[in-house]
Amino acid sequence: MNKNCLRLFECRMFPLRFFLFLLLISVLLIAALGHYFSTRFEDYLNHQVCDMAMNQARIIASNDSVVAAVEARDTAQLGAIVRRLARGSDFDYLVIGDRRSIRLYHPNPAKIGYPMQWTKPGALEKGESYFISGEGSIGVALRAKTPVFDRHGQVVGVVSLGYLSSKIEGWRRDFILPVAGAFAAMLFLLLMLWWLFAAYLKRRMRGMEQYVDGLRTQRHEQLNWMSTINGLLQMKEYDRVLEMVHGESDLQQAQIDWLMASFADRQLVGLLFGKMQRARELGLTLAVADGSQLRQLPTGLNSAEFASIVGNLLDNAFEASRDCAPEHRSVELYLSDEGTEVLIEVADRGCGIAVDRREAIFNRGVSSKTNQDEEHGIGLYLIAGYVARCGGVITLEDNPPCGSLFSIYLPKVKPTYGTTSEHFDR
């Protein structure tokens with residue numbers, strides 16, 4: 001029993017584990033892509049800001065008016081020039097110093113005449129341009145420093161042009177937030193796709209479980225049959241053995257031939273043959289009514305889904321009939337595709353279902369069984385979903401003198417005018 005429970009748990013948990021595995025892969029993939037794009041954008045943004053700052057600083061340093069004002073140490077003229085240049089630029093601040101790195105212009109007039117901050121040998125001593133990033137007199141910023149040359153090529157001053165880190169961070173957010181939103185939407189879409197795929201896999205596994213259950217029943221019957229033959233051989237009842245072999249083979253072949261002649265869908269034939277063997281194992285009788293036939297599946301259902309509907313109805317009927325008196329331990333099935341609908345009827349002689357529970361019985365997790373576990377409360381819920389998708393109807397009635405009769409009407413062609421939200425009809 002523990003092994004069966006463990007096997008059942010593992011089988012049921014496989015779709016969830018598969019979904020969680022795909023979820024982990026998706027998250028890691030999105031995180032890797034996000035890190036890659038954010039790193040590339042960070043490098044691109046820094047490169048663009050540096051180039052933009054240095055180009056503007058060099059243009060200002062080469063301006064004849066700026067050179068003349070620096071040589072003359074004319075702070076008023078430098079202020080007027082910078083204010084005019086700032087109208088067409090987006091830099092945050094501009095500082096101009098003389099060849100001793102003393103400020104000749106600063107956005108804060110009180111700082112004019114004091115040494116410039118964050119200087120290093122290069123711009124004044126060697127005539128080189130460079131970048132500095134850090135805390136300055138205006139704030140944390142990225143600065144481009146370039147020398148000012150006179151007409152003789154001598155360094156007479158320095159220009160420091162900067163962009164505040166707050167502005168660069170704003171540009172970064174303007175790019176990162178839409179990208180992050182796109183990645184979040186991509187992750188959500190992947191999750192939905194994986195969830196739908198896991199749900200589809202679960203439905204397929206449920207159909208396979210029914211098929212395997214039928215095979216397991218046949219194996220059990222075969223083992224019992226082989227044990228009987230072994231006993232008869234030990235007793236040297238060879239004629240009886242031959243009689244059993246021929247009789248059993250003829251009986252099973254007759255059942256298979258009749259099922260294949262009546263139902264065109266081979267998965268349905270396999271299911272019904274397995275359920276017949278299962279009914280025998282439970283001490284029940286499964287009777288397929290005369291005149292049953294199926295040549296065409298309803299539109300919107302594949303073989304596995306249609307077999308799931310029939311299999312779940314039969315499972316519920318078997319469960320309701322197991323504790324009945326011997327004369328009531330029978331289940332009847334009628335299948336027909338005559339006319340414009342496919343009709344499925346399953347009748348049992350069990351205890352029946354109370355009228356006040358007939359609507360709720362199709363809700364997920366609701367079951368009429370007393371020994372409820374995770375298997376119960378799912379079958380009828382799945383059936384209701386399949387029927388609603390096809391635009392069909394389910395009816396549940398009493399089966400006098402006792403028991404229940406489930407009837408399902410599935411149109412061969414789904415109605416184009418839409419279906420009602422009520423899939424259950426009392």
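This is a dialogue on reading features of a predicted model.

User: How many salt bridges are found in the whole structure?

Analyst: A salt bridge is a side-chain nitrogen of Lys or Arg within 4 Å of a carboxyl oxygen of Asp or Glu. The search of the whole structure gives six. One of them joins the side chains of R73 and D98, at 2.4 Å from N to O. R73 lies in the loop between α2 (64-72) and α3 (75-86) and D98 in strand β1 (residues 93-98), so this pair ties together parts that are 25 residues apart in sequence. Helices (H or I, at least four residues) and strands (E, at least two) are DSSP runs, numbered from the N terminus. R73 and D98 also belong, with R100, to a network of salt bridges.

User: Are R73 and D98 buried or exposed?

Analyst: Buried means under 20% relative accessible area, exposed over 50%, and partly exposed in between (1.4 Å probe, protein chains only). R73 is partly exposed because its relative accessibility is 42%, whereas D98, at 3%, is buried.

User: Which residue forms a salt bridge with E305?

Analyst: The partner is R389, and the closest N and O atoms are 2.6 Å apart. E305 lies in helix α7 (residues 303-321) and R389 in helix α8 (residues 379-390), so the pair ties together parts that are 84 residues apart in sequence. E305 is buried at 9% relative accessibility, and R389 is partly exposed at 34%. A further salt bridge joins E319 and R322, with the closest N and O atoms 3.9 Å apart. E319 is partly exposed, with a relative accessible area of 25%, and R322 is partly exposed at 39%.

User: How is the length of α6 to be read?

Analyst: The expected span of a helix is 1.5 Å times one less than its number of residues. Helix α6 has 16 residues and reaches 23 Å from its first C-alpha to its last, close to the expected 22 Å. Its buried residues include L268, L272, F273 and K275. At the start of α6, a side-chain oxygen of D265 comes within 3.3 Å of the backbone nitrogen of Q267. After α6 comes G283, whose phi is positive, near 80°.

User: Which residues does A264 contact, leaving aside its neighbours within four places in sequence?

Analyst: Contact means heavy atoms within 4.5 Å. With those neighbours left aside, A264 is in contact with L294 and R295. The C-alpha atoms of A264 and L294 are separated by 6.1 Å, although the two residues are 30 residues apart along the chain. A264 is found in the loop between α5 (238-262) and α6 (266-281), and counts as partly exposed at 41% relative accessibility.

User: Which residues form a nonpolar patch on the surface?

Analyst: Patches are made of residues with over 30% relative accessible area and no salt bridge; like charges are joined within 9 Å, and nonpolar side chains (Val, Leu, Ile, Met, Phe, Trp, Tyr) within 5 Å. Accessible areas come from the Shrake-Rupley method with a 1.4 Å probe, and for residues only the protein chains shown count as cover. Here L29, L33, Y36 and F37 form such a patch, with about 370 Å² of accessible area together. L29 is found in helix α1 (residues 2-61) and is partly exposed at 47% relative accessibility.

Notes:
Residues numbered from 1 in each chain as written. Predicted model: local features only at pLDDT ≥ 70, side-chain atom pairs only at ≥ 80, totals over all residues. Heavy atoms only, no water. Polar contact = N/O pair within 3.5 Å; in protein donor to acceptor, adjacent residues only side chain to side chain.
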